[in-house]
There are 2 protein chains.
Amino acid sequence: MLSVKLRIPYKKTRGSILMKTPDDLKKAGLKATLPRIKILSLFESSDQRHLSAEDIYKQFVSEDMDVGLATIYRVLTQFEQAGILVRHHFESGKAVYELDHGEHHDHIVCNQCGHVEEFYDEEIEKRQLKVARSRNFKILGHSLQIYADCQEENCSRKIEEN
Amino acid sequence: MLSVKLRIPYKKTRGSILMKTPDDLKKAGLKATLPRIKILSLFESSDQRHLSAEDIYKQFVSEDMDVGLATIYRVLTQFEQAGILVRHHFESGKAVYELDHGEHHDHIVCNQCGHVEEFYDEEIEKRQLKVARSRNFKILGHSLQIYADCQEENCSRKIEEN
DNA sequence: TTTATTGCAAAACCTTTGCATGTAT
DNA sequence: ATACATGCAAAGGTTTTGCAATAAA
């Protein structure tokens, strides 16, 4: 059984979290294959909400599951198109994905350890609309990341570990 | 002689624009070589403020100047480290650079034609500080892009041309 | 002359694709 | 049985690097 562990509490006012299940696969016209179910369950259960193809691949290797990298890339792309995952490009140079719970938010990323937290600021959203309106652009989306040091005692450049 | 053409007016209140010259190269401990001078002058004179390595390479080829792509990449990196250019990663997947005039701003990018405009919103900046403070992060920087349609009459999916 | 810089080709990275094999329905 | 998924290896696109040849100081 899949379970959800969220480190970051969502505001009540912005709706509730829906768990993604193998049923979501069928709804998206995707067969419930082992790689797909495993990937989905990784996102549900991992304490990292944001995973790259490589992260997933390494996790599988460490569990002696062998799923090709190509499959992982293909599944991630399909999940994104199906609205199950959202893709982000942080400065790392590689794409990371997270479950799409339908609630837009932005990210604050620790430059030292890679720790990611989410935030949503109504005022920032509003100002963006204003900027776009004043220049006669029609907003399709946006991407905002704050790069920072998280200053947690266990934040010690873990990123170097590989 | 190099000249500056800015499509986007800067607010008076945020300082004045300084032109980058071959002297800036020396100050950065870089020899004033032809490729470096040409690249600098391209940024000064182009009506596109945001250029990728490829953009520069193509421009040079069209002028029968032959500068290797590797050199362009190396020079862009050096210029970034010297504080002459700033690098951005828009969704295109390739890095683009622009002159660093020391004035932070964010970008609104047209999804159809790739047209880029700059903006600076005090309120957005402030709210980011607040978000970081409330989570005990120390901000190092941020990256904000709004993706939109620019709705200009000459915006006709020019991006497809190549 | 000395040291930095260039060009070329090769390699490194991340990601995508072709194709024969395998699996869910 | 049929259509869809997978794995592998090869190829794509962007960026970096090694090294001998070249140019700036």
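Student: What does contact mean here?

Tutor: Contact means heavy atoms within 4.5 Å. In this predicted model, take contacts in chain A between residues at least 6 apart in sequence: 54% of them join residues at least 24 apart.

Student: What should I know about numbering and cut-offs?

Tutor: Residues count from 1 along each chain as its sequence is written, while chains are lettered from A and ligands numbered from 1 in the order written. Local features need pLDDT of at least 70, side-chain atom pairs need pLDDT 80 or more, totals for chains, interfaces and linings use all residues, and side-chain values use heavy atoms, without hydrogens and water.

Student: Which elements does chain A have?

Tutor: Helices (H or I, at least four residues) and strands (E, at least two) are DSSP runs, numbered from the N terminus. Chain A has five helices and six strands. Their order is α-α-β-α-α-β-β-β-β-α-β.

Student: Which residues come nearest to DNA strand D?

Tutor: A residue is near a strand if one of its heavy atoms lies within 4 Å of it. Of the 20 residues around DNA strand D, the nearest are A:T33, A:R36, A:T71, A:R74 and B:Y73.

Student: How do I read a polar contact?

Tutor: Look for a pair of N or O atoms within 3.5 Å; within protein, one must be able to donate a hydrogen and the other to accept it, and residues adjacent in sequence count only if both atoms are side-chain atoms. Here, a side-chain N or O atom of B:Y73 is 2.5 Å from a phosphate oxygen of DNA strand D. For the side chain of A:T33, the distance to a phosphate oxygen is 2.8 Å. B:K31 meets a base nitrogen instead, with a polar side-chain atom 3.5 Å away.
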